[in-house]
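These are my notes from a first look through the structure. I wrote them in the order in which I looked things up.

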Amino acid sequence: MTRPAVWISAALLLCVALVSAAWAGCRPGAAPGWSADERALLRSLSLASLGPLPADPSNRHADDPRAAALGHRLFFDTRFSGDGTVSCATCHLPARDFQDDRALAQGMGTTNRRTMPIAGTARSPWMFWDGRSDSQWSQALGPLESPVEHGGNRARYAHLVAEAYRAEYEAVFGALASLDGVPRDAGPVEHEAWRRAWERLPERRREDVSRIYANIGKAIAAYERTIAHAPSRFDRWVEAELAGRPHTAGSAMTRDEVAGLRLFIGKGSCINCHNGPLFTDDHFHNTGVPAASPALPADSGRATGVRQAVAAEFACTSRYSDAGADDCAELRFAVTEGEELVRAYKTPSLRNVAERAPYMHAGQLATLEAVVDHYARAPRPPAGHSELVPTQLSADERRQLVAFLRTLSGPLAAPPGHLATPPRR
Amino acid sequence: MRTTRIAITRLASLAAATLLTGCLLFARPPKDLDYSRTRQSESGLYRATIRPQGDSIPTGTLHRWTLHLETAQGAPVTTATIAIDGGMPQHRHGLPTKPRVTRALGGGDHLVEGMKFNMGGWWVVKLHVDAAAGRDSVVFNLAL
């Protein structure tokens, strides 16, 4: 062997030794198969680990099937809008995992944010990317009066309930308050004429209308609460893997997908925030996501969202909530100030993530590959401080992570008919 | 020959640096951490014991702790102003909630509400105690 060849061989051996040492050092005891800690993590991510659906004390009708049936109809009814064309299902399409595949949602206008899916949100303490609502029913009421979403007002919706849904409404919520003297269009909204009409109403009538409006939200929430995730290929794989059973066609994961899973729970640190059976910690993080279009207003994320949540008209602590004094702990103990909140956005569930590009709160990243690249690079945030640190991921590792994320796709689970438009009466 | 050797040395160094950078990302917490549920305060004025509701500390859900506070001499501290903060030193973030002592339970016990940990790993919870014996802080390490 020539001297250069000896040096090259020695260097190669050194590299192999370094790789082995580093790998062993980073993953002590790592051998084919899974360590006890890894098995616990795998179990924690499986849908089988999801406990019973927690109660929503702020909505005493949350588990009433009659409320869910009413909410199902309201969810798909385009009359609940300013121009008769927009329903909840306009952006939350049941066939598309209750989202719309758009970077920015399109109602009567264009919003500033990406539509979020609905499945599993009954388990989350915070709604919207910035958590500005603390319940599903409170969330449902925001878009209904937003000029760029449904674009209507609560007096219009109360009249519509009285005229088209009185029997179903009264069966759940009791006698509907009289709307005599309440104009067709009135509400605390941007539209000047509607707002003035609202301000002219006596306080008691305003409260009657707002209570009907809150109940619309509670019925929609009772419906949304029934929409959950069904097992994905990953869940079937975990079940078989932990039981030591051979994998079937429905549970097998490829070598790359399993390698991606190892990265997800290990080197990639993805599991830090995307944890639990829904792959979310239901919290808010600044991960250096780039600003959306310059045409959009500055977005401070949770910093603004938490203030809105605390002051929200339909919060858990509001007069329209059914919660007791000790029931609103998430709100009572929320972090309301600090640099960490600036441009922090809610960790989205990764279930069905491969089916719903584009990504991030305003659809800034077009593909899963771009998302993994973003997390590996950990760019500086437009404002605030990013929690990310750069991660050395090879091209193969990035591909493997994406391959793993694709195993999280699965159908939704819901009572019969709930994933489709309700039949016409 | 010398050039080849330098190039190879640089290549090996680069490989080592790259691998070590990757390794740091999933580094373990420091080995000498004290995870005791009873800790002395930093200046030795107090001894504090935390008793999480249900004994084991859950991740992802709000829960309560009972905090027992006594002086270094073992006298229960029934009246104190106690502020709580903390976070994950390796993750550059604080606690996801703002827990508070909501009432004194008597005998040096205090109810802590609003505790929540939104991910696994090494957490630090710091209690800032202001009572008759003076101001001091107690630090608890948690492995979740």
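I began with one pair of residues in chain B. B:Pro52 has B:Trp65 as its bridge partner, and B:Trp65 belongs to S3(B). I then looked up the strands around this pair. Strand S2 of chain B covers residues 46-52 and strand S3 of chain B covers residues 63-71. S2 and S3 of chain B pair in the antiparallel sense, over 7 bridges.

I noted that this is a predicted model before going further.

Next I asked in what order the strands of this open sheet in chain B stand. The order is S1-S2-S3-S7-S6, which makes 5 strands with antiparallel pairing. I also wanted to know which strands stand at the edges. They are strand S1 (38-40) and strand S6 (100-106) of chain B; each has a single partner strand, so one side of each is left without a neighbour in the sheet. On average, neighbouring strands of the sheet are turned by 25° against each other, direction ignored. As a reminder to myself, strands of a sheet pair through backbone hydrogen bonds, either parallel or antiparallel.

I stayed with chain B and looked up another strand pair. Strand S8 (residues 122-131) and strand S9 (residues 134-143) of chain B are paired in the antiparallel sense, with 10 bridges. A hairpin of 2 residues joins S8(B) to S9(B). Within this pair, B:Val129 stands opposite B:Asp136 of S9(B).

For chain B as a whole, I recorded 1 helix and 9 strands. Along the sequence the pattern reads α-β-β-β-β-β-β-β-β-β. Chain B has 144 residues, and 22% of them count as buried. Of the contacts in chain B between residues at least 6 apart in sequence, 58% join residues at least 24 apart.

I turned to chain A and checked confidence there. The average pLDDT of chain A is 93, and 92% of the residues score at least 70. Over residues 10-31 of chain A, pLDDT stays under 50, and the model has 19 contacts beyond four places in sequence for this stretch. Where pLDDT is low, the predicted coordinates should not be read in detail. I left that stretch alone.

I then looked at how two helices of chain A meet. Helix H3 (residues 65-76) and helix H7 (residues 166-173) of chain A have axes that come within 9 Å and cross at roughly 145°. The crossing of H3(A) past H7(A) is left-handed. H3(A) contributes A:Arg66, A:Ala67 and A:Leu70 to the contact, and H7(A) contributes A:Glu168, A:Tyr169, A:Ala171 and A:Val172. By class I noted 5 nonpolar, no polar and 2 charged residues in the contact of H3(A) with H7(A).

H7 of chain A came up again with helix H6 (residues 154-164) of chain A. The buried residues in H6(A) are A:Arg154, A:Ala155, A:Arg156, A:Tyr157, A:Ala158 and A:Val161. Their cover includes helix H5 (136-145), H7 and helix H9 (203-224) of chain A.

My last entry is on A:Asp235, which lies in helix H10 (residues 233-243) of chain A. Is A:Asp235 buried or exposed? A:Asp235 is buried, because 23 other C-beta atoms lie within 10 Å and the cut-off for buried is 20 or more. Leaving aside neighbours within four places in sequence, A:Asp235 is in contact with A:Ser46, A:Leu47 and A:Ala48. A:Asp235 and A:Ala48 are 187 residues apart along the chain, and their C-alpha atoms are separated by 7.5 Å.

Methods: Residues numbered from 1 in each chain as written. Chains lettered and ligands numbered in written order. Predicted model: local features only at pLDDT ≥ 70, side-chain atom pairs only at ≥ 80, totals over all residues. Helix = DSSP H or I, 4+ residues; strand = E, 2+ residues; numbered from the N terminus. Buried ≥ 20, exposed ≤ 12 C-beta atoms within 10 Å, placed from the backbone. Contact = placed C-beta atoms within 7 Å. Pairing = 2+ DSSP bridges. Axes fitted to C-alpha atoms, helices over the stretch in contact; angles between N-to-C directions. Left-handed = near helix turned anticlockwise from the far one by under 90°. Nonpolar A, V, L, I, M, F, W, Y, C, P; charged D, E, K, R; others polar. pLDDT = per-residue confidence, 0-100.
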